[in-house]
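I opened a new notebook page for this model. Here is what I looked up, entry by entry.

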Amino acid sequence: MTNKKNIILTIVIGLLALTSILAIGKTKTMDDEVKRTHELNVKLNEQNKKLLDANNKADKKIDDLSSKYDAINKELEEIKKENNQGQ
């Protein structure tokens, strides 16, 4: 009986040790994955900021061009009115 208990106890201790080793390895892998994900998120945030800045600049240019277009159209309408009155 004692021999069987020793064998079972040895197997249980071995399994616990193996489980601990695997858990430590898995934790290291997860830590590496979290670090990698964080680095990718930082890069993505930087790219998003650049895209937002570019978008804001484009919006400003569109607004400026729209204002100029409206001013030119207003002038053209006034010229048309003057031409029509002159005829």
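**Salt bridges**

I counted 2 salt bridges in the protein, a salt bridge being a side-chain nitrogen of Lys or Arg within 4 Å of a carboxyl oxygen of Asp or Glu. The model is predicted, so I noted that local features need pLDDT of at least 70 and side-chain atom pairs pLDDT 80 or more, while totals for chains, interfaces and linings use all residues. Residues are numbered from 1 along each chain as its sequence is written, and side-chain values use heavy atoms, with hydrogens and water left out.

I looked up Glu33 and Arg36 next. Their side chains form a salt bridge, at 3.7 Å from N to O. Both residues sit in helix H1, 3 residues apart, about one turn of the helix. Glu33 counts as partly exposed because its relative accessibility is 39%. Arg36 is also partly exposed, at 47%. My cut-offs: buried is under 20% relative accessible area, exposed is over 50%, and partly exposed lies in between (1.4 Å probe, protein chains only).

Then I turned to Lys60 and Asp64. Their closest N and O atoms are 3.5 Å apart in a salt bridge. Lys60 and Asp64 are 4 residues apart in helix H1, so about one helical turn separates them. Is Lys60 buried or exposed? Lys60 counts as exposed, because its relative accessibility is 54%. Asp64 is partly exposed, at 36%.

**Overall form**

I found 1 helix and 0 strands. Both kinds are DSSP runs, numbered from the N terminus: helices are H or I with at least four residues, strands are E with at least two. Helix H1 covers residues 2-86.

The C-alpha atoms fill a box of roughly 125 × 20 × 5 Å along the principal axes. The radius of gyration is 37 Å, whereas a compact globule of 87 residues would have one near 12 Å. That radius is taken over C-alpha atoms, and the globule rule is 2.2 Å times the number of residues to the power 0.38. I also checked Leu76 and Asn56, 20 residues apart along the chain: their C-alpha atoms are separated by 30 Å.

**Surface**

How much of the protein is buried? Buried residues make up 0% of the 87 residues.

I noted a nonpolar surface patch of Ile7, Ile11, Leu15, Leu18 and Leu22, with about 490 Å² of accessible area together. Patch residues have over 30% relative accessible area and no salt bridge; like charges are joined within 9 Å, nonpolar side chains (Val, Leu, Ile, Met, Phe, Trp, Tyr) within 5 Å. Areas come from the Shrake-Rupley method with a 1.4 Å probe; for residues, only the protein chains shown count as cover. Leu18 is partly exposed, at 47% relative accessibility.
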